[in-house]
Every structure is written in C-alpha cells, then in structure tokens.
Amino acid sequence: METMNLTGKAIQLDADGHLANRNDWNEDMARELAAQEGIPELTPQHWAVINFMRKVFEKEGDAPSIRRLTKESGVDTKTLYQLFPKGPAKRAAKIAGLPKPKGCI
Amino acid sequence: MTQTNTAEPIQKVSIIVSHGSLEGVYPGLIMANGARMEGIEASLFFTFFGLDAIIKKRMNSLKVATVGNPGMHMPTLLGALPGMSAFATSMMRKEIEKLDIPPIGEFITMIHDAGCEIYACRATVDMFHLKREDFCDEMDEVISVGQFYEKATGAQIIFT
C-alpha cells in the first residue's frame with residue numbers, strides 16, 4: 001500500500017490516492033491535501049462542503065451526490081465548482097479524507 | 001490496478017444527444033454531469049428529437065418508448081395500449097428519483113451550472129422552425145455541425 005507524508009506522518013493511501021483510513025484525517029491534513037489539489041486556502045464554504053460530506057459518509061457509508069450536496073450543504077452548484085474546480089465529487093472527498101464516491105450523480 | 005495506464009486521462013468530452021425519449025436523453029446527461037464531476041470539460045449538442053430535452057414546453061414531459069423498444073421486454077401490441085407509455089414513464093421517473101437523479105429540467109440547470117455548454121443543432125432548429133424562446137435559458141447557442149466540430153477540438157465525441 002502506498003503512503004504519503006502528511007502533517008509530518010506517513011499516511012496510508014488507497015488505490016485511488018485517497019486516505020486509506022479516514023480516522024487518520026484531521027483539519028491540518030485537509031489543508032495539506034487541498035494545497036496538493038491547487039486550493040491554497042480552505043474557506044468557510046470549503047469547510048461547509050467537507051464537513052457535510054464527512055457527516056453523510058459517517059451515517060451512510062458513501063459520499064453524497066452533487067445534487068444532495070447542493071441541496072443540503074447550502075452551497076449551490078456554481079459555487080461548488082468554483083470551490084473545487086478540478087471536479088467537486090472526487091476532490092472534495094479526497095480533501096475530506098474519504099474514499100472516492102461510488103455514485104454516478 | 002492490474003494494468004499500467006500510460007495514456008493521457010480524458011480532458012474534454014462532446015456529447016451528442018439524438019433521441020427524445022426519456023431513456024434516450026438521460027444517458028447523455030448523466031455522462032455530461034459525470035464528466036464535470038471529474039473535472040473533465042464537457043459540452044452537450046442536442047440534435048433531432050434530442051432537442052426536446054431543451055425545449056421549455058417539452059423537457060419535463062419526455063416519455064419512455066414502450067413500442068419498438070426490445071429493452072422493455074414487452075410485446076409491441078401491449079406496449080401500444082393506451083396509458084402504457086405513461087405508466088412506464090412514471091415507473092422510471094420514480095426509480096430515477098430514488099437514485100437522486102433530477103428530472104430533466106432540473107438536471108439541465110445543474111449541468112449548465114456545472115460549466116457544461118449546451119448547444120442546439122442548426123439543421124434541426126430550421127427543420128422544426130424553432131425559435132430562441134422555445135428553448136430553456138440554459139441553451140447557449142444554436143450551432144452548425146461545422147461549429148460543433150470546431151468546438152469539439154481535442155475532445156472525445158460521444159454519440160447517444
């Protein structure tokens with residue numbers, strides 16, 4: 001299994017390059033992961049998305065769909081794509097320390 | 001991963017939607033939305049009956065084809081009975097909603113907000129004598145096949 005140096009520790013990654021254990025995750029790690037994705041600063045809106053994704057994942061075992069994300073996190077579609085320009089689903093999940101979302105929507 | 005992938009990842013897709021049935025329109029929309037979700041540039045080109053998906057008065061009343069559709073596993077005569085298409089359509093809409101896939105109108109807005117460009121085919125627009133006001137606001141431009149290819153430079157073209 002691949003590892004990556006994050007917040008000064010060797011952290012295990014899954015096959016998609018996301019954290020293998022979501023319990024390794026913390027907010028400083030999110031900032032480092034975001035920087036790797038070309039997001040220099042996590043704004044309160046980024047955090048709203050990240051925290052919502054983590055909450056849904058804890059409860060349901062998969063990240064929410066984009067539709068649900070926009071309806072329930074209070075961040076609309078346009079903003080979501082501005083926050084995560086390289087693709088909100090995968091990138092936000094990665095920064096949130098979650099596996100790649102399974103759904104198609 | 002079992003194979004090493006040395007090919008470049010897909011950067012851009014141009015998706016053509018040519019059918020106007022519910023099952024003819026959804027795949028293209030799902031692929032366009034999925035592309036944007038992955039950070040892939042996407043555009044949608046609606047042609048022939050596919051245009052119904054971006055015509056204001058029609059986009060939210062597309063139906064499942066119950067006749068001439070072997071995938072329905074239903075004898076053609078049965079599929080032709082009054083109400084059969086409406087029934088199949090309402091069943092499919094319910095299942096689609098369960099998967100959190102929006103109705104066509106909402107989906108088009110969502111895809112457009114996601115940064116996907118939406119085009120209508122010039123030849124079809126002329127053939128059916130359609131005007132700008134017939135289309136939903138998300139329709140960016142009526143373009144010719146030539147313009148479509150120009151805009152699709154560097155893209156994978158997907159025909160549905």
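**Group meeting: two chains in contact**

Of the 105 residues in chain A, 49% count as buried. Keep in mind that this is a predicted model.

Let me stay with chain A. What does its secondary structure come to? Five helices and two strands. The order along the sequence is β-β-α-α-α-α-α. So the strands lead and the helices follow, because that is how the pattern reads under DSSP runs numbered from the N terminus.

Next, the overall form. Along its principal axes, the C-alpha trace of chain A spans about 35 × 30 × 20 Å. What radius of gyration would a compact globule of 105 residues have? Near 13 Å. Chain A has 13 Å, so the two agree.

Now contacts within chain A. Take those between residues at least 6 apart in sequence. Of these, 48% join residues at least 24 apart. As for the surface, chain A exposes about 5,300 Å². Carbon and sulfur atoms supply 46% of that.

On to the interface. The size of an interface is often given as the accessible area lost when the parts come together. Here, chain A and chain B bury about 1,500 Å² between them. Carbon and sulfur atoms hold 54% of that buried area. Which residues of chain A lose the most area to chain B? They are Arg67(A), Tyr81(A) and Ile105(A). Together they make up 48% of what that side buries. The contact takes 17 residues from chain A and 17 residues from chain B.

The largest nonpolar core has 71 residues. Phe46(B), Ile54(B) and Ile104(B) touch the most other members.

Look at Ile104(B) in detail. Leave aside its neighbours within four places in sequence. Its contacts then include Leu22(B), Val25(B), Tyr26(B) and Leu29(B). Ala53(B), Met59(B), Asn60(B) and Leu62(B) are also in contact with Ile104(B).

Technical notes. Residues are numbered from 1 along each chain as its sequence is written. Chains are lettered from A and ligands numbered from 1 in the order in which they are written. This is a predicted model: local features need pLDDT of at least 70, side-chain atom pairs count only at pLDDT 80 or more; totals for chains, interfaces and linings use all residues. Side-chain values use heavy atoms; hydrogens and water are left out. A nonpolar core is a set of buried Ala, Val, Leu, Ile, Met, Phe, Trp, Tyr and Cys residues joined through side-chain atoms within 4.5 Å. Buried means under 20% relative accessible area, exposed over 50%, partly exposed in between (1.4 Å probe, protein chains only). Contact means heavy atoms within 4.5 Å. Helices (H or I, at least four residues) and strands (E, at least two) are DSSP runs, numbered from the N terminus. The radius of gyration is taken over C-alpha atoms; the globule rule is 2.2 Å times the number of residues to the power 0.38. Accessible areas come from the Shrake-Rupley method with a 1.4 Å probe; for residues, only the protein chains shown count as cover. Buried area is the accessible area (1.4 Å probe) that two parts lose on being put together, summed over both.
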